[in-house]
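I opened the model and kept notes as I went. The entries follow the order in which I looked things up.

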Amino acid sequence: MKLFRPDRPCGTGVLVLAGSSGRIDYGRAELLSDHGALSMPLQWFGSTGLQPGPWEVPIETFLEALDILAPEVDQLAIVGTSFGAEAALITGSIDQRVNAVAAFAPTSVAWSAYDSTAKRATSKWTYGGEQLPCLHIRRPKHMPATDVDGYLPIYEFSIQTAKREQLESATIATEKIAEILLVSGGDDKVWPSALFAEAIQRRRTSFELETDHVYMEAAGHRATLPGEEIPPTGLRDIARGGSPAADAELGRRAWQPLRRILNLNVERS
């Protein structure tokens, strides 16, 4: 595990989680470190000692990373994108040491996954050795078996056809997290992150909790923060929506709220 140590610490330790690409988000971690955060970009599957793919990933993977950060900082936070945002919100709802979660292209529910080794559907996450409740992914019968056009219709269909009790069981208890920043684009072609963000807001409002949601209609699945390079697309060439300009503008709009909840320094070190 690599740590990015700031020259002028702001007192925040940040766990940085990428999504289904399986990459390590060094660029975002370095950017946050430049503004004072002790940052740890974590690979959470696809390496020695980890799950080979994003299925049945122990939440303890993230808790143990937080254990490393905790002794050196005043507060803990998690910044995650897509599947990484899902992990961030679930971990933050379990570990009360987490003060803030920034969820880029978030989801309001835990999703199922496909174990490509055993050829079976399963939960994406486990905790205490048990599978976490999840919403199972269902593909519309009329939809071609391809992901080139993005997964958006699949996730929309899965939400629309889920039974109420299934939704309730899979919904992430985001009210257990003190501060949440949600960042979503209206042209997200991977999953309906804006609708998920709105669902998180509604749930937290019912608990009288405020939630920042930075939204831009033209942006896609991955916002690019100021000073951050456009990240690799991952192993699969799927539609993510947006455009470099729109994704950068969404990141620019998200920067100040992100700086606030992470207590980052205004200037780079």
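How many bridges join β3 to strand β8? I found two, and these strands run parallel; strands count as paired if DSSP finds at least two bridges between them. β8 covers residues 125-127. In it, Thr126 stands opposite Pro58.

I noted that the model is predicted, that local features need pLDDT of at least 70 and side-chain atom pairs pLDDT 80 or more, and that totals for chains, interfaces and linings use all residues. Residues are numbered from 1 along each chain as its sequence is written, and side-chain values use heavy atoms, without hydrogens and water.

I then looked up the rest of this sheet. It is open, has three strands in the order β3-β8-β9, and shows mixed pairing. Its edge strands, each pairing on one side only, are β3 (57-58) and β9 (130-131).

Next I took the whole chain. I listed seven helices and eleven strands (DSSP runs, numbered from the N terminus: H or I of at least four residues for helices, E of at least two for strands). The radius of gyration, over C-alpha atoms, is 17 Å, close to the 18 Å from the globule rule for 269 residues, so the protein is as compact as a globular protein of that length. The rule is 2.2 Å times the number of residues to the power 0.38. The C-alpha trace spans about 55 × 40 × 40 Å along its principal axes.

Last, I checked contacts (heavy atoms within 4.5 Å). Among those between residues at least 6 apart in sequence, 74% join residues at least 24 apart.
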